[in-house]
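User: I am new to this structure. Please walk me through the terms used for it.

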Number of protein chains: 2
Amino acid sequence: MAGEIYFATSNPHKLREAKGLFEAKGIPLKHFKFSHNEIRSDSPEEIAKEAVEAAYKELKKPVFTEDTGLFIESLNGFPGTYSGWVQKKLGCRGILRLLKGETDRSAAFQTSIAFHDGKGIRSFDGICKGKIADNEIGESGFGYDPIFMPEGHPQTFAQNIELKNKLSHRYKTLSKLSEFLLKAYF
Amino acid sequence: MAGEIYFATSNPHKLREAKGLFEAKGIPLKHFKFSHNEIRSDSPEEIAKEAVEAAYKELKKPVFTEDTGLFIESLNGFPGTYSGWVQKKLGCRGILRLLKGETDRSAAFQTSIAFHDGKGIRSFDGICKGKIADNEIGESGFGYDPIFMPEGHPQTFAQNIELKNKLSHRYKTLSKLSEFLLKAYF
């Protein structure tokens, strides 16, 4: 069945990233302008699943939602699923202050996607491990990109946007979803 | 009309504080064990109002909810309505790190209560202005008490719990609610 797939999001960056990847694989992607008061939870998967139930209820067509967080180990997972809000309040500078003098700088980005086609919900995860740099470096990307260095690379995402596009949590998760959709729907 | 008033909360500290104050005024207070996924918002008032709608829907009796946040000026209002979650992740130590070297240490606690009696919602606010201390001081209370000094006082809430009981945002808001209830219901 060739279907219409909707991405329920209010974030234009995320929409653009998904459109690029889907269209390269021949999957038409539509935008469902969706503004939803997401639940409070420490799990991106839980947040995406709750949101996709609400989105499907409204749209009644195959739709997916996405939630991403940056989890810093020595900060007990902070800022986690509140990463967007914390970025607005404290910026990368706040994270660097919290980690001043800290030797364990391990962190991971996690993206979860939940897809609902009326029959049920399927979820997909992508993780990108790395560490928090000592300073903000680089100009590309957005959010925490200037302080996040993926594992095995000496550069931040903001220094090397191609690296981000290939390694990122969101890219990995969108790829898993698109592979699933190609098999199931197209 | 002498009525039954319920406090919808899952927090035993908050319940105890409200019971003490209400019973001293002759208002019987019952507990509605309520676990609700509160909305994401920077406004304690909005959070309390949304929660009380859900609580009333379930209970169908006069009920109130409460939301409290600590708003630090130089941190753009962080941790705000996420104060409980931030306390778990970063503790008072994290707040002190974020403010290291900062001369503007102004902060305010805000409590909002929303009361629903089936006819409509009334909300009450209480604010306690103060500043963030340079270190954690004192043993009483909980949460941010060891680093919060109310305006005009050289001690933290954790050093002087009587001060907290008399000056606090929550005490002020509960007092306003109890005065309203005494006039309207008892």
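Analyst: Start with one pair of residues. A:I113 has A:F124 in β6(A) as its bridge partner. This is a predicted model.

User: How do you know that β5(A) and β6(A) pair?

Analyst: Pairing needs at least two bridges found by DSSP. β5(A) and β6(A), residues 121–132, have eleven, in the antiparallel sense. Therefore they count as paired strands.

User: What lies between β5(A) and β6(A) in the hairpin?

Analyst: Four residues. A:G118 in that turn has a positive phi of about 95 degrees.

User: What makes β3(A) and β5(A) a pair?

Analyst: The cut-off is again at least two bridges. β3(A), residues 63–72, and β5(A) have ten, also antiparallel. A:G69 stands opposite A:Q110 in β5(A).

User: Why is β5(A) called mostly covered?

Analyst: A residue is buried if 20 or more other C-beta atoms lie within 10 Å of its own. Nine of the eleven residues in β5(A), residues 106–116, are buried, so the strand is mostly covered.

User: Which residues of α1(A) meet α5(A)?

Analyst: A:E17, A:A18, A:L21 and A:F22. Their partners in α5(A) include A:Y171 and A:L174. The residues of this contact divide into five nonpolar, two polar and two charged.

How values were computed:
Residues numbered from 1 in each chain as written. Chains lettered and ligands numbered in written order. Predicted model: local features only at pLDDT ≥ 70, side-chain atom pairs only at ≥ 80, totals over all residues. Buried ≥ 20, exposed ≤ 12 C-beta atoms within 10 Å, placed from the backbone. Helix = DSSP H or I, 4+ residues; strand = E, 2+ residues; numbered from the N terminus. Contact = placed C-beta atoms within 7 Å. Nonpolar A, V, L, I, M, F, W, Y, C, P; charged D, E, K, R; others polar.
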